[in-house]
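Me: I've got a model open and I'd like to learn how to read its side-chain contacts. Can you walk me through it?

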Amino acid sequence: MAKTVAFDLDGTLIGTDSAQAWLQFLMRESVPEADQSFHTCRQIMLGYEAGVMDMQAYMQAWMAPIRGKRPEQLRPLLEVFVEQWIAPAIFTDGLRQLELHHKQGDQVLLISASPTLIVDPIARLMGVEHLIGIDVALQDGVLTDCSISPFSFREGKVEKIKKWLAHRSLSGLDVAYSDSINDVPMLSFATQGVCVNPDPGLAALAANRAWPTLVWQATSGAVRQPNSSPG
């Protein structure tokens, strides 16, 4: 019987934080404000390490280098970014697991606290049709720095998943994969939570919750960023 399956992205399917990697990529491309955005976002993520994170402030800083551009203007940059920065960091075992679920006819969702702008081309690279990220508002066809809530972050992921399920007349989430303690709400919501390369908090919890733990590695030896992904 086909299942409904949700995958987190950063740290779960790829060995990097895609949002921060994008800013590093823009820095390499000498895009104005990218350097300041990267350091501001990294500082905000320190709040996450302490148990709090202002996602609206993070997204506002993250959007600074590309605010005012039309989404189609970013396509060439996104193609290079995904090919050169994301593809080498994909976990081979993660791709195999995605392929297995697709062969079984499962409904697969990629859900991330990273911006949809980068989650979308990454999902396409991995052959995943359904995706959820953090969206930003458009004004007259150009990108603003105003993010649209609710965010796909912590309890917000469950809210987003419920809407996704309801839209497809699906009754519940069968399996969820994540590396992050932030995704405990999503893992708990699923009939079966699966921990992939779990951070210390999630690893400690996994045994009590009887969640299987998997270790996946990147195709070219990429390592996780020192700042944990928000999930």
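This is a predicted model: local features need pLDDT of at least 70, side-chain atom pairs count only at pLDDT 80 or more; totals for chains, interfaces and linings use all residues.

Me: How many residues apart are E159 and K163 in helix α7?

Reply: They are four residues apart, so about one helical turn separates them.

Me: And how do I read the accessibility of E159 and K163?

Reply: The general idea is that under 20% relative accessible area is buried, over 50% is exposed, and partly exposed lies in between. E159 comes out at 38%, so this residue is partly exposed. K163, at 49%, also counts as partly exposed.

Me: Are K157 and D183 buried or exposed?

Reply: Both K157 and D183 are buried.

Me: What about R96 and D93?

Reply: Their side chains make a salt bridge too, at 2.7 Å from N to O. R96 and D93 sit three residues apart in helix α5 (residues 92–103), so they are about one helical turn from each other. R96 has a relative accessible area of 51%, so it counts as exposed. D93, at 31%, is partly exposed.

Me: How many salt bridges does the count come to?

Reply: Six.

**Now the rings**

Me: How many aromatic pairs does a search of the whole structure find?

Reply: It finds seven. One of them is W22 with F25, a tilted pair with 5.7 Å centre to centre and 35 degrees between the planes. To read the angle, remember that planes under 30 degrees apart count as stacked and over 60 as edge-to-face, so 35 degrees falls into the tilted class.

Me: Where do W22 and F25 sit relative to each other?

Reply: They are three residues apart in helix α1 (residues 18–28), so about one helical turn lies between them. W22 is buried, with a relative accessibility of 1%. F25 is buried as well, also with a value of 1%.

Me: Which other ring does F25 pair with?

Reply: F25 pairs with F81, and that pair is tilted: 5.6 Å centre to centre, with 45 degrees between the planes. Here distant parts of the chain are linked, because F25 is in helix α1 and F81 is in helix α4 (residues 75–86), 56 residues apart. Both of these residues are buried.

Me: Which residues do ring pairs link into a cluster?

Reply: The cluster holds W22, F25, W62, F81 and W85.

**Helix α1 and its ends**

Me: How many of the 11 residues of α1 are buried?

Reply: Eight, so α1 is mostly covered. Among the buried ones are S18, Q20, L23 and L26, along with W22 and F25.

Me: What caps the N-terminal end of α1?

Reply: D17 does, with a side-chain oxygen 3.1 Å from the backbone nitrogen of A19. Then look just after α1: S30 takes a positive phi of about 60 degrees.

Terms used:
Residues are numbered from 1 along each chain as its sequence is written. Side-chain values use heavy atoms; hydrogens and water are left out. Rings of Phe, Tyr and Trp (its six-membered ring) pair if their centres lie within 6.5 Å; planes under 30 degrees apart count as stacked, over 60 as edge-to-face and the rest as tilted. Helices (H or I, at least four residues) and strands (E, at least two) are DSSP runs, numbered from the N terminus. Buried means under 20% relative accessible area, exposed over 50%, partly exposed in between (1.4 Å probe, protein chains only). A salt bridge is a side-chain nitrogen of Lys or Arg within 4 Å of a carboxyl oxygen of Asp or Glu. A polar contact is a pair of N or O atoms within 3.5 Å; within protein, one must be able to donate a hydrogen and the other to accept it, and residues adjacent in sequence count only if both atoms are side-chain atoms.
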